[in-house]
Amino acid sequence: MSVIEGDPPLHPPAPPGTAPRSLVEQRGIDHIPDSERRGTVRQLGLMWSGVILNVQVVVYGTLLAVLGLNLWQAAAAIAIGASTWVIAGLASLPGPAAGTTTFAVSRAPFGRNGMRPIAFCNWLQQIGYEVLDLVLLVLAGSALLDMAGVHVGTGTKVVLLVVFSIAQSVLPSLGHAAITRVLHLLVAPFAALFLVMAWLTVDKLQLTGGQPASWTVFLGGIALACSASGLGWSPNGTDFSRYLPRSTSRIRIVAAVTLGGAVPQALLMLLGVGVALLTTTASDPISGLPSVYPGWFLAPYLVLVIAQMISLNAIDLYSSGVTLQAIGIRIGRWQAVVLDGVICAVIGAVVVFSADFNTFVGNFLLFMIAWFAPWVAIFVVDYFLRRGRYDRDSLGPTGGRYRRPLGLHAPGVAAQAAGTLAALCWIDTSVFTGPLAHLCGGADLSVPAGLLVGGAVYYLAARKSVVAESGDDAERSPR
């Protein structure tokens, strides 16, 4: 199999779980041969736990309290959001079947050209997550310097932006094996850290229900929780499951991703709700902490937050790099990381100096639903229609049978357009409210609208042609 646009495989990368001769991955979006797929579902689940055990997830919980949800409403929204990790698990199934990345596989349901605008949306989404992490890095660094008695002005924040932008680019430049290894190592210390934080929070918190928010606000909280949970991570799933052997059980893959992501996600978002109830006057998730938590905890917490955010951004930078390659941009993976780092620093500076962090995060999470809710429904429906069979040569540079007329697979493009329109009609943000959401008093049903319309339209339009197309494709994936 020839290399799809990206770094040539100079020598095989060391898969997770082995003792590699080099931690530097040489592959871009080219097909991973069976001989190199030594990953396990346990490693995949631990990787996702390492991704989710981070302060950003605590921030998402605080946003639910900022919206006005009481404790029990927030808990219900978090439970519904965490359940979408099943979707992330399903979206990971094409990885072992096709052996390549998410948006290389997306050439099958959308066509070579039809996939590109969707992949571009994913690239923007990864940039958004990178910006959130970078801003949290600057806030944590500023808080540490302030605790040390150092005045933090504009110049200091600019220096922190530059330093952290460079630091967060190292791990994704090394590649898949290095990322998964570091995230595995960080699971235990971060879990211990958040257990201490939870103990300190519950000790100060009065667990009362509080005044419930309106039904429409509650629906908005559900949409935000879903976007911040497994649904929002679905575009990354196949990028990391592609190192699993083709013989890996589909049920075990879905279970590993679901448990690895959902359990820490729910616990940390609940912790975030508690933190928000203690720091009601804070404008961001860091500045209010010194007034609530003792210095003996806060200093190591902020140090670990910095290490954590640098590691977490490796996932986003890695996926955004291979997404650019899938679009067709002839750029090496490390070059894509550098490009993203520069863009991330510029946008991060705008957010840092705007003093409107919570609004930026909320709108970003909600608007992303418009494209990835219908996309993931189409992606998963296509996988099951073709019974996990992909023509691997057609996922490559030439396109083969997935090239399609004009590079567009009409059922996929039409379903994406219909699902996106449906999601936008039901979305409710601080800058835009869809017409149907407006008619219903601000009820945000963008998640179910995007999922159901996108998936249903694709199934009806493609159920015969895709089944026929997959008849002589690659070997069927195991159950």
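This is a predicted model: local features need pLDDT of at least 70, side-chain atom pairs count only at pLDDT 80 or more; totals for chains, interfaces and linings use all residues.
Residues are numbered from 1 along each chain as its sequence is written, and side-chain values use heavy atoms, with hydrogens and water left out.

**Overall picture**

- The protein chain has 21 helices and zero strands. Helices (H or I, at least four residues) and strands (E, at least two) are DSSP runs, numbered from the N terminus.
- The chain has 479 residues, and 61% of them are buried. Buried means under 20% relative accessible area, exposed over 50%, and partly exposed in between (1.4 Å probe, protein chains only).
- Take the contacts between residues at least 6 apart in sequence: 85% of them join residues at least 24 apart. Contact means heavy atoms within 4.5 Å.

**Helix H21**

- H21 covers residues 446-469, which is 24 residues. Its end C-alpha atoms are 32 Å apart, in agreement with the 34 Å it should span at 1.5 Å a residue. The expected span is 1.5 Å times one less than the number of residues.

**Helix H16**

- H16 runs over residues 295-327 and has 33 residues. From its first C-alpha to its last it reaches 47 Å, close to the expected 48 Å.
- Of its 33 residues, 26 are buried, so H16 is largely enclosed by the rest of the structure.

**Trp-123**

- Trp-123 lies in helix H8, residues 115-147. Its relative accessible area is 10%, so Trp-123 is buried.
- Trp-123 touches Ser-320, Thr-323, Leu-324, Asp-340 and Ile-343, leaving aside residues up to four places away in sequence.
- Trp-123 and Val-322 are 199 residues apart in sequence. In space they are 9.2 Å apart, C-alpha to C-alpha.

**Salt bridges**

- The structure holds four salt bridges. A salt bridge is a side-chain nitrogen of Lys or Arg within 4 Å of a carboxyl oxygen of Asp or Glu.
- Asp-382 and Arg-386 meet in a salt bridge of 2.9 Å, N to O. Both residues are buried.
- Arg-386 also pairs with Glu-469, with the closest N and O atoms 3.1 Å apart. Arg-386 lies in the loop between helix H18 (357-385) and helix H19 (410-425) and Glu-469 in helix H21, so the pair ties together parts 83 residues apart in sequence.
- Arg-386 counts as buried because its relative accessibility is 0%. Glu-469 counts as buried at 14%.
- Glu-469 forms a salt bridge with Arg-404, the closest N and O atoms being 2.4 Å apart. This pair links distant parts of the chain, since Arg-404 is in the loop between H18 and H19, 65 residues from Glu-469 in H21.
- Shared partners join Asp-382, Arg-386, Arg-404 and Glu-469 into one network of salt bridges.
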